Amino acid sequence: MAADQKLKLEALQEHLEQFIENLRVVGVIAGDFQQNGQAVLNERLNAVVENMKTLDRMKEEYCSVQIPLSVLDYIDKGQNPELFTRHQLEQTLADHQAVQKKVEAYKEFRGQLIHHLQKAFPSEIRAYQTNHQPK
């Protein structure tokens, strides 16, 4: 199934590339329009319309694909979507390191708290430690 999905995505990418190329050529022709280029312009406009029809027919195959909004935001900022995963992993690693520091701080705090409580309430802390031994 993964190979079939890969072929579908490659076909979509090919159609999108054709569509973009046809739009680029239409823009070039229209930007420097000359009467003798009307036939080529019409041909490219028809190709654009056919590409749009093809893409419209293909849309049903991709309606189950879910793209996270953060990826779309990444693209909107002009960044390469292929680097999105790397940046997400880097951010996750940084978040993990921050959480690890907090865990270490809580462990240190717990140790200090038990140490000070032992001085103030020795019998209660012994009872607590007896009942709460790590298993």
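Biologist: Which residues does I29 touch, not counting residues up to four places away in sequence?

Modeller: I29 is found in helix α1. Helices (H or I, at least four residues) and strands (E, at least two) are DSSP runs, numbered from the N terminus. Contact means heavy atoms within 4.5 Å. Leaving out residues up to four places away in sequence, I29 touches G37, V40, L41 and R44.

Biologist: What pLDDT does the protein chain average?

Modeller: This is a predicted model, where local features need pLDDT of at least 70, side-chain atom pairs count only at pLDDT 80 or more, and totals for chains, interfaces and linings use all residues. Residues are numbered from 1 along each chain as its sequence is written, and side-chain values use heavy atoms, with hydrogens and water left out. pLDDT is the predictor's confidence in each residue, from 0 to 100. At least 70 is reached by 98% of the residues, and the protein chain averages 88.

Biologist: Which element of the protein chain has the highest mean pLDDT?

Modeller: Where pLDDT is low, predicted coordinates should not be read in detail. Helix α1 (residues 2–31) has the lowest mean among the elements, at 86. The highest, 94, belongs to helix α4 (residues 84–120).

Biologist: Why does I29 count as buried?

Modeller: Buried means under 20% relative accessible area, exposed over 50%, and partly exposed in between (1.4 Å probe, protein chains only). I29 counts as buried because its relative accessibility is 16%.

Biologist: How far apart in space are I29 and L41, C-alpha to C-alpha?

Modeller: L41 is in contact with V26, I29 and F33, its neighbours within four places in sequence left aside. I29 and L41 are twelve residues apart in sequence. C-alpha to C-alpha, their separation in space is 6.5 Å.

Biologist: Is N22 buried or exposed?

Modeller: N22 lies in helix α1. Neighbours within four places aside, N22 is in contact with R44, A47, V48 and N51. Its relative accessibility is 8%, so N22 counts as buried.

Biologist: What is the relative accessibility of N51?

Modeller: N51 lies in helix α2. Not counting residues up to four places away in sequence, N51 touches H15, Q18, F19 and N22. N51 counts as buried because its relative accessibility is 8%.

Biologist: How far apart in space are M52 and H132, C-alpha to C-alpha?

Modeller: M52 is in helix α2. At 48% relative accessibility, M52 is partly exposed. M52 and H132 are 80 residues apart in sequence, and their C-alpha distance is 67 Å.

Biologist: Which residues line the largest pocket?

Modeller: On a 1 Å grid over the protein atoms alone, a pocket is an open set of points where a 1.4 Å probe fits, with protein on both sides within 12 Å along at least five of seven lines; lining residues have an atom within 4 Å of a point. α1 and α3 (69–76) each supply at least two lining residues. The lining is Q5, L9, L12, Y62, V65, I67, V71, L72, I75 and P81.
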